[in-house]
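This report goes through one protein model, from the whole chain down to single residues. Please look at the sequence and the structure first.

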Amino acid sequence: MTEAARFAAIMEDGAALRRRVGAEMAGQVFAVVAACEKAMCAGGKLFFCGNGGSFSDAVHLATEWQVRLRGGVERPSWPAIALASDAGVMSAGGNDYGFEEVFARPLRGLGRAGDVLFGITTSGRSANVIRALAAAREMGIVTVGFLGGDGGPARALCDHALVVPSKETARVQEIHITLGHAILELVEDRLVAA
């Protein structure tokens, strides 16, 4: 396969996956949008967590909720937190409680019933994301999983499991950020138009 053909195949694989997710997950996405809308209207917060590239996605999405996604949409800042995005919290939590607790520990201090947690893990097997989802469940926080493959053990802890039907990490991550953007746009459409 030539490099040009390989590049075209990568682009087509991502496009086909987006079309499939768009066709198959609309109802699930609308349920997540409704949960976020409910949390925002009740004065709640959104939390995000993930590892590696998914950690970067968690920070990316929390930033867009706090600041803005679309330049043409003017709205208030909405409360969104990427868990353990502060280096001090990450290092203290990892040192004092173990890396498996770096998201659950701050969530227990910041979260309240009715908030929403987005756990982002391409495999569905990240122990620290799983522990955060379990803590959220105990606290009455709505759990949303941005997952991949078969969803792994994280799937069972999600009120809303958005499982990207791929085992390719890069493709799964591309869809996760697309889903995050779509959810925020739809929430903005509902709340800014209201």
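## Burial and overall form

Buried residues account for 44% of the 194 residues in the protein chain. The model is predicted.

The protein chain holds seven helices and five strands. Read from the N terminus, the order of elements is α-α-β-α-β-α-α-β-α-β-β-α. The radius of gyration is 17 Å, close to the 16 Å that the globule rule gives for 194 residues, so the chain is as compact as a globular protein of that length. Along the principal axes, the C-alpha trace spans about 50 × 45 × 30 Å.

## Contacts, surface and charge

How much of the contact set joins residues 24 or more positions apart? Among contacts in the protein chain with a separation of 6 or more, such residues account for 70%.

The accessible surface of the protein chain is about 9100 Å². Carbon and sulfur atoms own 55% of that surface. On the charge side, the protein chain has 19 positive and 21 negative charges.

## The tryptophan pair

A pair of aromatic rings is described by the distance of the centres and the angle of the planes. Searching the whole structure gives three aromatic pairs. One of them joins Trp65 and Trp78, with ring centres 5.6 Å apart. The planes of Trp65 and Trp78 meet at 45 degrees, so this pair is tilted. An angle over 60 degrees would have counted as edge-to-face, and one under 30 degrees as stacked.

Where do the two partners, Trp65 and Trp78, lie? Trp65 is in helix α3 (residues 53-66), while Trp78 is in the loop between α3 and β2 (80-82), so the pair ties together parts that are 13 residues apart in sequence. Trp65 is buried, at a relative accessible area of 2%. Trp78 also counts as buried, at 9% relative accessibility.

## The phenylalanine cluster

Phe118 and Phe146 form another ring pair, with centres 5.4 Å apart. Their planes stand at 75 degrees, so the pair is edge-to-face.

Are Phe118 and Phe146 buried or exposed? Phe118 has 2% relative accessibility and counts as buried. Phe146 has 1% and counts as buried too. Ring pairs also bring in Phe48, which makes a cluster of Phe48, Phe118 and Phe146.

## Gly149 in its loop

Gly149 sits in the loop between β4 and β5 (160-164). Its relative accessible area is 25%, so Gly149 is partly exposed. The cut-off for buried is under 20%.

What does Gly149 touch, beyond its neighbours within four places in sequence? The contacts are Thr122, Val163, Val164, Ser166 and Lys167. Val172 is 23 residues from Gly149 along the chain, and the C-alpha atoms of the two are separated by 8.4 Å.

## Ala84 and its backbone angle

Most residues other than glycine have a negative phi. Ala84 is not a glycine, yet its phi is positive, at about 60 degrees. Ala84 is located in the loop between β2 and α4 (87-97). With 7% relative accessibility, Ala84 counts as buried.

Definitions and conventions
Residues are numbered from 1 along each chain as its sequence is written. This is a predicted model: local features need pLDDT of at least 70, side-chain atom pairs count only at pLDDT 80 or more; totals for chains, interfaces and linings use all residues. Side-chain values use heavy atoms; hydrogens and water are left out. Helices (H or I, at least four residues) and strands (E, at least two) are DSSP runs, numbered from the N terminus. The radius of gyration is taken over C-alpha atoms; the globule rule is 2.2 Å times the number of residues to the power 0.38. Buried means under 20% relative accessible area, exposed over 50%, partly exposed in between (1.4 Å probe, protein chains only). Contact means heavy atoms within 4.5 Å. Accessible areas come from the Shrake-Rupley method with a 1.4 Å probe; for residues, only the protein chains shown count as cover. Lys and Arg count as positive and Asp and Glu as negative; His and the chain ends are not counted. The place of a charge is taken as NZ of Lys, CZ of Arg, CG of Asp or CD of Glu. Rings of Phe, Tyr and Trp (its six-membered ring) pair if their centres lie within 6.5 Å; planes under 30 degrees apart count as stacked, over 60 as edge-to-face and the rest as tilted.
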